[in-house]
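Morning, everyone. I have one structure to walk you through today. Please bring it up on your screens.

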Amino acid sequence: GATVNDVVLAVCAGGFRRLLLRENELPGKPLVAMTPISVRSQDARGTMGNQVSAMLVSLATDEADPLKRLDAIRTGARDSKMYHHAMGARTIMDLTDAIPFSLTGRAARLYSELQLSRFHAPAFNAVLTNVPGPQTPLYMAGARLLTNVGAGPIFDAIGLFMPITSYAGTLSIGITSCREMLPDVPAFCADLTASLEELEQALGLLRLVKTRTRKAVPRRKRA
């Protein structure tokens, strides 16, 4: 009953847990991710412009079992989506229009200059956005696009932005981070890979995935 987005969040959550355990900094409470979601109504399908809101989802990093972690994320994401649907897409968009953009920009600068993040816990710990891309290969001047990796903004107290993009049957996780908060990005990438394998192992899929991968790679002919 989980969605692709639920699984992606679970893989990222497992990576966070491994990273924090290694640094001996795993908090007792689960980390929280902010995930942008579309609030486009049915009658607005096919129209121009973005209609996006934010959803907070617990990543259940306090749960050691990968399957229980996935189930907790699935339940939390489902409940948050139900809340947004209950409010209605137009209501959410009206709320965002009520605050002038110039005012929000000044507030963000003031928040940063006064370092107000030192005096309160952040509402969320990272931004994880899953953006579906084209599933057919793209080309420019005859050259094929091999990988599509995104980047995103970071700000005070939120030093990690992870844009997740699907393209041509693959899925990439981009990492935009603050060097002070996440100094060793390659190690975190390894944590994400280990988290994926842990989840596959728990689901009994690891051997099947590796077998298919080996069959899909053609053997090179000797010269």
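Start with Pro 132. Is this proline buried or exposed? Pro 132 counts as exposed, because its relative accessibility is 67% and the cut-off for exposed is over 50%. Now place it. Pro 132 sits in a loop, with strand E3 (126-131) on one side and strand E4 (139-140) on the other. Look across to Ser 166. Along the chain, Pro 132 and Ser 166 are 34 residues apart.

One caution before I go on. This is a predicted model.

Next, Ala 77. You will find Ala 77 in helix H2, residues 66-87. Ala 77 has a relative accessibility of 1%, so it counts as buried; the limit for that is under 20%. What does Ala 77 touch, leaving aside neighbours within four places in sequence? The contacts are Asp 6, Met 55 and Val 57. Leu 9 and Ala 77 are 68 residues apart along the chain, and 9.7 Å separates their C-alpha atoms.

Now step back to the whole chain. How many helices and strands are there? The protein chain has 6 helices and 8 strands. Read from the N terminus, the order is α-β-β-α-α-α-β-β-β-β-β-β-α-α. The chain has 223 residues, and 30% of them are buried. Take the contacts between residues at least 6 apart in sequence: 64% of those join residues at least 24 apart. The accessible surface comes to about 14,900 Å². Carbon and sulfur atoms account for 58% of that surface.

Staying with the surface, there is a nonpolar patch. Which residues form it? The patch is Leu 67, Leu 203 and Leu 205, with about 230 Å² of accessible area together. Leu 203 belongs to helix H5, residues 185-203. Leu 203 has a relative accessible area of 44%, so it is partly exposed. That value passes the patch cut-off, which is over 30%.

Last topic, the cysteines. A disulfide is a covalent bond between the sulfur atoms of two cysteines. How many does a search of the whole structure find? The search finds 0 disulfides. Two cysteines to look at, then. Cys 12 is buried, because its relative accessible area is 0%. Cys 189 counts as partly exposed, because its relative accessibility is 35%.

That's my tour. Thanks, everyone.

Notes: Residues are numbered from 1 along each chain as its sequence is written. This is a predicted model: local features need pLDDT of at least 70, side-chain atom pairs count only at pLDDT 80 or more; totals for chains, interfaces and linings use all residues. Side-chain values use heavy atoms; hydrogens and water are left out. Patches are made of residues with over 30% relative accessible area and no salt bridge: like charges are joined within 9 Å, nonpolar side chains (Val, Leu, Ile, Met, Phe, Trp, Tyr) within 5 Å. Accessible areas come from the Shrake-Rupley method with a 1.4 Å probe; for residues, only the protein chains shown count as cover. A salt bridge is a side-chain nitrogen of Lys or Arg within 4 Å of a carboxyl oxygen of Asp or Glu. Helices (H or I, at least four residues) and strands (E, at least two) are DSSP runs, numbered from the N terminus. Buried means under 20% relative accessible area, exposed over 50%, partly exposed in between (1.4 Å probe, protein chains only). A disulfide is a pair of cysteine sulfur atoms within 2.5 Å. Contact means heavy atoms within 4.5 Å.
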